[in-house]
Amino acid sequence: MSQDAPAFQALPGATPDNSAFIDLYFDPSISLPGKSTVSITINGWTMRLSAGQSVRIAVPPGPVSVVVDHYAAFLSPKPRLELVMQPGQVAPVFYRASILNGDPGALSIGKHRGMSRTEKGALIFVLVVLLHILVAGVVPLLIILSRGMPE
């Protein structure tokens, strides 16, 4: 654990008798240069989390907002989770960075599997462009071949 985020932290208003807990995980499966730490805000309280790090945060019962502050948030919305917590409840919250530059990643209450929606969309876009390039090159060649070779 880093000094920025020890293994357990408590937000203002969380008491030993009346707390809920957020177990926050930074999924290390995507670790690209510049994406090894992320700034996360929970109910207005900001902390840094490193890839592979997890922390338990005591929060007061009631509405809890978890937001990833990302430098490229003007390009896409900031990942956000809104939860309503009961005393004693534990909610696992997972953050996964993205392989795409400008994509702030994703937050969820379950572990992420596979590519994010943005990553799938980018992959489909690239495949469509490659298909168009292939068709644009192959179709004229087929037309020339179907007319026969000039003598």
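Helices and strands here are DSSP runs, with strands at least two residues long, numbered from the N terminus. By that count, Pro60 falls in the loop between S5 and S6. Keep in mind that this is a predicted model.

Is Pro60 buried or exposed? The cut-off for buried is under 20% relative accessible area, and Pro60 comes in at 18%, so it counts as buried. Setting aside neighbours within four places in sequence, Pro60 touches Leu11, Pro12, Gly13 and Ala14.

## The nonpolar core

The largest nonpolar core is made of 24 residues, and the ones with the most contacts inside it are Ile22, Leu24, Ile42, Ile57 and Val59. Strands S2 (20-27), S3 (37-42), S4 (45-50), S5 (54-59), S6 (62-69), S7 (80-85) and S8 (90-96) each put in two or more residues. S2 gives the most, with 4 residues.

Take Ile57 as a closer look. Leaving out neighbours within four places in sequence, its contacts include Ile22, Leu24 and Ile42, along with Gln9, Leu11 and Trp45. Phe21 is also in contact with Ile57, and Arg56 lies over the face of the Phe21 ring, 5.3 Å from the ring centre.

## S8 and its partners

S8 is largely enclosed by the rest of the structure, because 5 of its 7 residues are buried. Which way does S8 run relative to S2? The two pair in the parallel sense, over 7 bridges, and Phe21 stands opposite Val90 in S8.

S8 also pairs with S9 (residues 106-108), this time antiparallel and through 3 bridges. There, Arg96 has Ala106 in S9 as its bridge partner.

## Two aromatic pairs

The structure holds 2 aromatic pairs. In one, the rings of Tyr25 and Phe94 have centres 4.8 Å apart and planes at 20 degrees, so this pair is stacked. Tyr25 belongs to S2 and Phe94 to S8, putting them 69 residues apart in the chain. Tyr25 is partly exposed at 30% relative accessible area, whereas Phe94 is buried at 15%.

In the other, Phe26 and Tyr95 have ring centres 5.0 Å apart with planes at 85 degrees, so they meet edge-to-face. Phe26 sits in S2 and Tyr95 in S8, again 69 residues apart.

How values were computed
Residues numbered from 1 in each chain as written. Predicted model: local features only at pLDDT ≥ 70, side-chain atom pairs only at ≥ 80, totals over all residues. Heavy atoms only, no water. Core = buried A, V, L, I, M, F, W, Y, C linked by side-chain atoms within 4.5 Å. Buried < 20%, exposed > 50% of the residue type's maximum accessible area, 1.4 Å probe, protein only. Contact = heavy atoms within 4.5 Å. Pairing = 2+ DSSP bridges. Phe/Tyr/Trp six-rings, centres within 6.5 Å; stacked < 30°, edge-to-face > 60°. Lys NZ or Arg CZ within 6 Å of the ring centre and 35° of its normal.
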